[in-house]
Amino acid sequence: MPKSDRIVVDETIKGADISKLMSEDAFFRLKSLGAGLHEKSLEELTEMAHNFYDDTALPKLVSDFASLELSPVDGRTMTDFMHTRGLNMSSFGRVLQLAEKLPHIQSICIHEMVIRSFKHIIRAVIAVVDDMQNMSAAIAKTLNILLGSPRLENGADTDAHVEHNLRLKWVESFLSKRFSWKLKDEFAHLRKFIILKGLCSKSWLQKIII
C-alpha cells in the first residue's frame, strides 16, 4: 500500500487501551477470535493490518488471477474484483509488480492508471469552462492533446511535441505519487481506444458532449 494511503494513528491515542476505543460488543467479538488481538495496541493492530494488506491480500489477488479463479477482462472488472476484496485502487502499481508473469493483468493495470490520471485533467478542464457551448470543443482539444501523437518537422520541436513531453512528465509524476509506479516505455504501447472508453465512463464525457 502506498505510504500516502496508510492509516496514521493519532499520537494522542497510540498507547490507549483499545477497549476504550470501541464498543463493548466490538471488543468482545475481537477477544472471542482467540488470536490475542484484543491485547494489541492500536498502533500494533494498524501495522498488522498494513502488513496483511501488502504481504497477503495483494499477493492472493494476483495468485487468483494466475489460477484464473478471477479473470478480469478490463479495468472495470479489475476494479470490481479489488473493491470486492476491500483493496484500494492506489495499489495498482503493486499489483502490476506482482503480476510479472501475467502480461494481460499488467496491461490492464497500466491502462487503468493512465485513465485515472487523465481523468483529473479532463475534470479540471470541465470545471473551468464557463459557457456550455464551448464544452465540446474544450474537451475535444484536451483529448487531442492527451491521445494525439506529435510529429517532428525538420527535426524541430513543434508545439504539439512540447505538449506531448509536458503530458508525459505529468503522467509520470502522477503515477509515481498515486500508485508508486515508475513509468517506463509503457506509454508508447497504450491502446488509445481503451483510454478513451475509460475516460468516457469515468468522466461522463458521452453525456457532456452529446
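Modeller: A residue counts as buried if its relative accessible area is under 20%, as exposed if that area is over 50%, and as partly exposed in between, with a 1.4 Å probe and the protein chains only. This is a predicted model, in which local features need pLDDT of at least 70 and side-chain atom pairs count only at pLDDT 80 or more, while totals for chains, interfaces and linings use all residues. Residues are numbered from 1 along each chain as its sequence is written, and side-chain values use heavy atoms, with hydrogens and water left out.

Rings of Phe, Tyr and Trp (its six-membered ring) pair if their centres lie within 6.5 Å, and the planes count as stacked under 30 degrees apart, as edge-to-face over 60 and as tilted for the rest. By this rule there are three aromatic pairs. In one of them, the centres of the Trp170 and Phe174 rings are 5.3 Å apart and the planes stand at 20 degrees, so this pair is stacked. Both residues belong to helix α7, where Trp170 and Phe174 are four residues apart, about one turn of the helix; helices here are DSSP runs (H or I, at least four residues), numbered from the N terminus. Phe174 is buried, at 15% relative accessibility, whereas Trp170 is partly exposed, with a relative accessible area of 35%.

Ring pairs also link Trp170 and Phe174 with Phe92 and Phe179 into a cluster. Over the face of Phe179 lies Arg178, at 5.9 Å from the ring centre, where a charge sits over a ring if NZ of Lys or CZ of Arg is within 6 Å of the ring centre and within 35 degrees of the ring normal.

Note on methods. Helix = DSSP H or I, 4+ residues; strand = E, 2+ residues; numbered from the N terminus.
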